[in-house]
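This report describes the fold of one protein chain, from its overall make-up to a single residue. The sequence and structure are shown below.

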Amino acid sequence: QDCLLSCYFASSWPAPTQTMQHLASSCRRGPLNRILYFIQHNRTINQWIHPSGYDTGIKVFNSLTNSKVSLILPQEKLATWYMCGPTVYDAAHVGHASSYVKFDIIRRIITDVFDVDIIMVMGMTDIDDKIVQRAINTKSNFRDLARKYEKEFLEDMKSLNVLRSTKVTRVTDHMNHIIQFIDRIFQNGYAYTTSDGSVYFHTEKYGDRYGKLAPTRQTAHLPIAKATDSEKLNDRDFALWKAAKVGEPFWHSPWGPGRPGWHIECSAMSSAIFGDQLDIHTGGIDLLFPHHENEIAQCEACHQVDQWANYFLHAGHLHIAKEKMSKSLQNFITIKARKYNDVTYNKAEVVHQKFLSYINDAKAYIDGTINSSIANESEILEKLALTKSQVRIALADDFDTPTAINHLLQLLSFANVHNKTANPSRSYTARSPSVIAAVAAYVTKLLTSFGLSFAQDERLYSPLAESVVDSLVGFRSGIRNYALDKLRNRLKLPPEYQKNKNPDGTYLLDLCDNFRNDLHNAGVIVK
């Protein structure tokens, strides 16, 4: 028995003082109690339970372990995902956009690259202290205020090409679920009421399990400080239901009129859709504690499970002038008024332009308007296969998009359609449209998986724009070939021009007229 306990603690992180005191007490009660305590304690300490099921082949940085772990799903090729949405009392800022864009890219990669379907729920907080106060200040109805900024947020996400969640939930639409959820926590013994009708979560009763996400950022394992400024039993306890105040919105509940506490909303809405188990939970790093910590406590207390969510993924802060962007600091930039650091933006624009140029050049090469030697077909196909493997390995490593982008750029360089000088160590072929088409298709598909858009860009790919571009490329090619042949003294005009007094001029004028006619057919009139 002693060996069993020693091996356990030797292989675990140092036991907290409070835990050691309980252990010493239990050991004094006899050998059987020592083993029973060990079994119970082993179930309740903050150790991550590795899921079993379908291995996606992806490693993710899980905030529950503070390390990369394999993404395992109970259901094959199907993931459940809850994401905290905004509190809709004001316009969303670029810091919000940064978080949602990052998770949109991750979502697309999981779906498009690793063939996993995702059911994503985003929870909108449309009633809380900030919304109530803003409605009072603006003399407006809190529902109207929340709907206005919810609509703006969804429009902002669309403008950023962020995919819509499978389901968007609102707190006010789930009030019955929230009340039932709180009641289950209460019935399970993890909540208590105060004289004004508020309900608080009982963290001391929940015990050592509190602190799964942030054991070093709060006092989960330290002696509990009793609250002195309210009827809370200790400072760590948080509101599940807040008693109504005069002039504020309220809903009826078994404990009296009031409204939900902030943390309970996401727990109840997620559980209403997904039940007592969740694969992935995401949000900004500022939500890690106390919001996500409290979500875990609520759900595990309600559902009586040892692990509710298997993976927590967090996005870092966006900084401006070396400070976190936030509304409280008044240093935020709204999404509609967004602007970017010039250096960073220019770097991104250079890379974006490389991809855009290659895709357009590949199309021109396939259409025959670009004629040049390219690398041998077999070499390009080998490079393409290698790149696909390298990109998949990079994306499986916690969605390493920078490395994946670098592999793509190397592929474009290898399959360049504008080779001016031949490399003596490589063989070349005259034309190979199918191979270049394969490269361009793969690059376009992968970049689309990152949320970038090329083929869907109406400015470049509408029927009108495509027709005009084709005509312009053809006209340029005709003029360029004429000039090159003239310089090389090997110009041979078509026979019909040989009898003209000024064959060169007539030929060039006809090129211009044909270009004008093509534009006219496309709806562009040149006078």
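## Overall composition

Of the 527 residues in this predicted model, 44% are buried. The secondary structure consists of 17 helices and 15 strands.

The protein exposes about 27,600 Å² of surface, of which carbon and sulfur atoms supply 54%. Among contacts between residues at least 6 apart in sequence, 73% join residues at least 24 apart.

## A parallel open sheet

Five strands form an open sheet with parallel pairing, in the order β5-β4-β3-β10-β11. Strands β5 (167-170) and β11 (309-315) each have a single partner strand, so one side of each is left without a neighbour in the sheet. Neighbouring strands of the sheet are turned by 25 degrees against each other on average, direction ignored.

Within this arrangement, β3 (residues 78-87) pairs with β4 (residues 117-125) in the parallel sense over 8 bridges. Trp81 stands opposite Met120 in β4. Helix α6 (residues 142-159) lies across β3, β4 and β5, and its direction is at about 145 degrees to β4.

His291 belongs to helix α10, which spans residues 288-303. The relative accessibility of His291 is 1%, and because buried means under 20%, His291 counts as buried.

Leaving aside neighbours within four places in sequence, His291 is in contact with Cys84, Trp262, His263 and Cys266. One of these, Cys84, falls within the residue range 78-87 of strand β3.

Terms used. Residues are numbered from 1 along each chain as its sequence is written. This is a predicted model: local features need pLDDT of at least 70, side-chain atom pairs count only at pLDDT 80 or more; totals for chains, interfaces and linings use all residues. Side-chain values use heavy atoms; hydrogens and water are left out. Two strands pair if DSSP finds at least two bridges between them. Helices (H or I, at least four residues) and strands (E, at least two) are DSSP runs, numbered from the N terminus. Axes are lines fitted to C-alpha atoms, for helices over the stretch in contact, and angles run from 0 to 180 degrees between N-to-C directions. Contact means heavy atoms within 4.5 Å. Buried means under 20% relative accessible area, exposed over 50%, partly exposed in between (1.4 Å probe, protein chains only). Accessible areas come from the Shrake-Rupley method with a 1.4 Å probe; for residues, only the protein chains shown count as cover.
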